[in-house]
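Subject: Structure handover

Hello,

The structure is below, followed by notes on what was found in it. Please read the notes with the coordinates open.

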Protein chains: 2
Amino acid sequence: MPQTGAALRRSDAHPTKIRILDAAEELFAARGYHGVSIREITQMANVEVALAHYHFGSKEELFRHVVTRRIDEHCSRLIEDLDRAQAAAPNGIAPVEEIVRAFCRFSFAKTSSADAGWKRYLQLLARTSQLPMYEPVLAPINRPYGIIVVRYSEALRAALPTIQPGNLATAFYMLQGIVSRLLAETEMLERQSHGLCSASDFDSHLERLVPFVAAGFYALAGRPELISARNGSEPPT
Amino acid sequence: MPQTGAALRRSDAHPTKIRILDAAEELFAARGYHGVSIREITQMANVEVALAHYHFGSKEELFRHVVTRRIDEHCSRLIEDLDRAQAAAPNGIAPVEEIVRAFCRFSFAKTSSADAGWKRYLQLLARTSQLPMYEPVLAPINRPYGIIVVRYSEALRAALPTIQPGNLATAFYMLQGIVSRLLAETEMLERQSHGLCSASDFDSHLERLVPFVAAGFYALAGRPELISARNGSEPPT
DNA sequence: GTCTATAATGAGATAGAC
DNA sequence: GTCTATCTCATTATAGAC
């Protein structure tokens with residue numbers, strides 16, 4: 001047993017600080033920043049209220065730690081997947097489909113996996129990203145994520161040399177809107193499809209998203225004739 | 001002057017109940033349900049706190065009234081615009097582009113207009129639609145909106161007879177994600193495009209969204225060859 | 001319908017013993 | 001690092017005069 005006696009208060013396997021972060025992640029994802037109290041968080045984490053303030057100072061700082069905790073790995077993986085797509089292309093210019101796939105791969109894989117922490121973190125970002133946020137909490141997200149936007153935009157521009165800058169920015173923004181809505185996992189998709197589509201079936205989502213978004217990019221690049229060549233003849237069934 | 005003496009407390013033009021609803025709409029749109037107190041709302045409305053309880057009973061009921069107030073007109077207009085698109089088609093089968101345009105027209109027009117109330121209502125729906133909501137507040141939205149989903153899905157199925165039901169449902173869900181993100185008007189688009197795209201320029205949004213989404217639908221219907229025929233040769237610049 | 005006053009609770013945060 | 005106790009303030013909601 002690696003833990004010392006002081007490290008664990010109950011039978012839980014993680015130290016206090018991590019348990020608070022995990023509980024906060026889950027509750028913030030479910031009800032947003034204002035919908036959750038520190039008391040609820042510490043109760044779920046099985047620690048005293050004062051420990052949240054000892055470890056994080058304030059509620060806002062705790063929230064900042066939650067959204068910051070995984071952002072660097074998240075962005076690193078997004079870059080790695082883009083690098084892989086470009087390395088696989090003969091001339092280093094990855095096709096639109098592979099760029100779009102790279103943008104989704106890590107998030108979709110983590111959300112589908114048994115790793116509940118990552119799933120909740122991605123839900124938290126997706127669900128709160130459309131609400132106005134405080135600058136102190138927005139900045140630590142936008143610094144690494146801004147690099148993602150630049151790298152993916154450059155890759156898409158290379159794949160679509162004819163596309164106008166405004167069309168590229170808007171198309172990428174629309175892609176983010178789609179991904180965000182899927183990661184948020186609302187009940188709407190299941191209800192609207194009468195149970196035909198499951199919100200958690202990200203393999204199906206990806207096989208539909210890639211041709212949908214790629215076709216959109218080609219259309220906005222003035223290259224609709226490329227769509228059938230890239231897609232193959234049949235869409236997912 | 002139509003108002004009686006008892007109707008107005010200050011110089012504002014609207015009766016108390018409306019003023020509370022307007023203030024609540026604005027604040028709920030900005031910070032979500034839990035991020036706003038009744039005190040803030042009544043303060044912005046220039047009325048006493050007790051009047052919110054007199055008119056609406058509880059905070060949750062007030063929120064329900066805010067999201068319910070405009071939903072019927074909203075849905076009626078969505079149906080009207082779809083009807084118009086279908087009436088304009090020779091055989092009653094509107095092309096995908098016109099269906100997508102009809103789905104956006106009213107919301108984009110209201111958000112671009114001087115009508116701040118409608119703009120905030122649409123922001124409220126867009127920003128909170130990805131957070132889990134109480135069933136009592138979800139039901140009054142989903143009843144009329146469910147009809148919209150059915151009608152638009154039928155129209156799209158008529159325009160795309162080869163599309164698989166799962167592809168149709170997911171594609172429509174992706175369309176909703178795009179529209180929702182645009183209506184939410186985050187600062188992300190302006191930042192990511194380095195000021196090239198304005199979040200409030202819904203004319204540009206529409207001219208980019210329609211070919212993007214229509215191409216996506218055609219791709220998922222296995223009919224990519226239709227895209228160039230419908231779009232014309234050049235995308236928006 | 002509107003106001004004042006107040007109840008009842010829960011919130012974020014801190015001090016100090018251990 | 002952890003716990004108990006407490007401070008201070010804001011919250012939803014209601015009672016009752018006008």
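This is a predicted model: local features need pLDDT of at least 70, side-chain atom pairs count only at pLDDT 80 or more; totals for chains, interfaces and linings use all residues.

Chain B is superposed on chain A by a rotation of 180 degrees with 0.0 Å of shift along its axis, at an RMSD of 0.1 Å. This is the relation of a two-fold axis.

Residues are numbered from 1 along each chain as its sequence is written, chains are lettered from A and ligands numbered from 1 in the order in which they are written, and side-chain values use heavy atoms, with hydrogens and water left out.

Interface of chains A and B

In the interface, 62 residues of chain B are in contact with 62 residues of chain A (contact means heavy atoms within 4.5 Å). Of the interface residues of chain B, 100% are also interface residues in chain A, so the copies meet through the same surface. The two chains bury about 5,500 Å² between them, with 66% of it from carbon and sulfur atoms; buried area is the accessible area (1.4 Å probe) that two parts lose on being put together, summed over both. B:Gln130, B:Tyr173 and B:Phe212 supply 17% of the area that chain B buries against chain A, more than any other three residues.

Which polar features cross the interface of chain B and chain A? There are 14 residue pairs in polar contact, both at pLDDT 80 or more, and zero salt bridges. A polar contact is a pair of N or O atoms within 3.5 Å; within protein, one must be able to donate a hydrogen and the other to accept it, and residues adjacent in sequence count only if both atoms are side-chain atoms. A salt bridge is a side-chain nitrogen of Lys or Arg within 4 Å of a carboxyl oxygen of Asp or Glu.

Domains of chain A

Chain A is divided into domain 1 (12–67) and domain 2 (70–231), with bounds from an automatic or database domain assignment. Their C-alpha centres lie 29 Å apart. The contact takes 13 residues from domain 1 and 15 residues from domain 2. About 1,200 Å² is buried between these domains, 63% of it on carbon and sulfur atoms. A:Glu25, A:Ala29 and A:Val67 supply 46% of the area that domain 1 buries against domain 2, more than any other three residues. The count between the domains is two salt bridges. The side chains of A:Glu25 and A:Arg70 meet in a salt bridge (2.9 Å, N to O).

Cysteines

The structure holds zero disulfides over all chains (a disulfide is a pair of cysteine sulfur atoms within 2.5 Å). For A:Cys104, the nearest cysteine sulfur is that of A:Cys75, 15 Å away.

Regards

How values were computed:
Copies are superposed by least squares on the C-alpha atoms of residues with pLDDT of at least 70 in both.
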